[in-house]
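I opened this entry to record what I looked up.

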Amino acid sequence: MELDHNQFMKKALQEANYAFFKDEVPVGCVIVHNNEIISRSSNMVELLNDSTAHAELIAITSAQNNLNSKNLENCTIYSTLEPCLMCYGAIYWSKIKTIVYGASDQKRGFSKQIVDVDRDIKIIKGVLEEESKELLDSFFKKIRD
């Protein structure tokens, strides 16, 4: 069954909106298994005072607990922002096969790095990109004003 990337990215955007209203960088993430969301998260860096509390990492841990497995090979991860290199590493190690993201991260996104991994990870970028960018731009405007 073909996944509806827009539908799942909208759910990730709901998580990003939640982060926005908690004064976190508005990044949201959901992980899908068998066409069903098995975990969701938003950025919690400020709330937890933890630089590793990215939405993707929290969602991966939650998905692993949900499936009672460290391997998420039949899962797709949706993130409103291109994952950073740390999150890409976690995606690699958890064996997620597909990354779908909204806005590109020109400074810290994994695609700006040279990463040679021993398996293919399918990348789908630009899904609901404008909505993701607008939310990020609104957040940074809010904290700079």
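I looked up the sheet and found an open one of 5 strands in the order β2-β1-β3-β4-β5, with mixed pairing. Its edge strands are β2 (36-42) and β5 (122-125), each pairing on one side only. From one strand to the next, the twist averages 15 degrees.

I noted the terms. Strands (E, at least two residues) and helices (H or I, at least four) are DSSP runs, numbered from the N terminus. Two strands pair if DSSP finds at least two bridges between them.

I noted the source. This is a predicted model, where local features need pLDDT of at least 70 and side-chain atom pairs count only at pLDDT 80 or more, while totals for chains, interfaces and linings use all residues. Residues are numbered from 1 along each chain as its sequence is written, and side-chain values use heavy atoms, with hydrogens and water left out.

I then checked strands β1 (residues 28-33) and β3 (residues 75-81), which run antiparallel and are joined by 5 bridges. Cysteine 29 stands opposite serine 79 in β3. Helix α3 (residues 55-67) packs on the sheet and touches β1, β2 and β3; its direction makes about 145 degrees with that of β2. Angles run from 0 to 180 degrees between N-to-C directions, with axes fitted to C-alpha atoms, for helices over the stretch in contact (heavy atoms within 4.5 Å).

Last, I looked up methionine 86, which lies in helix α4 (residues 85-94). Beyond residues up to four places away in sequence, methionine 86 touches Ser51, Thr52, His54 and Leu57.
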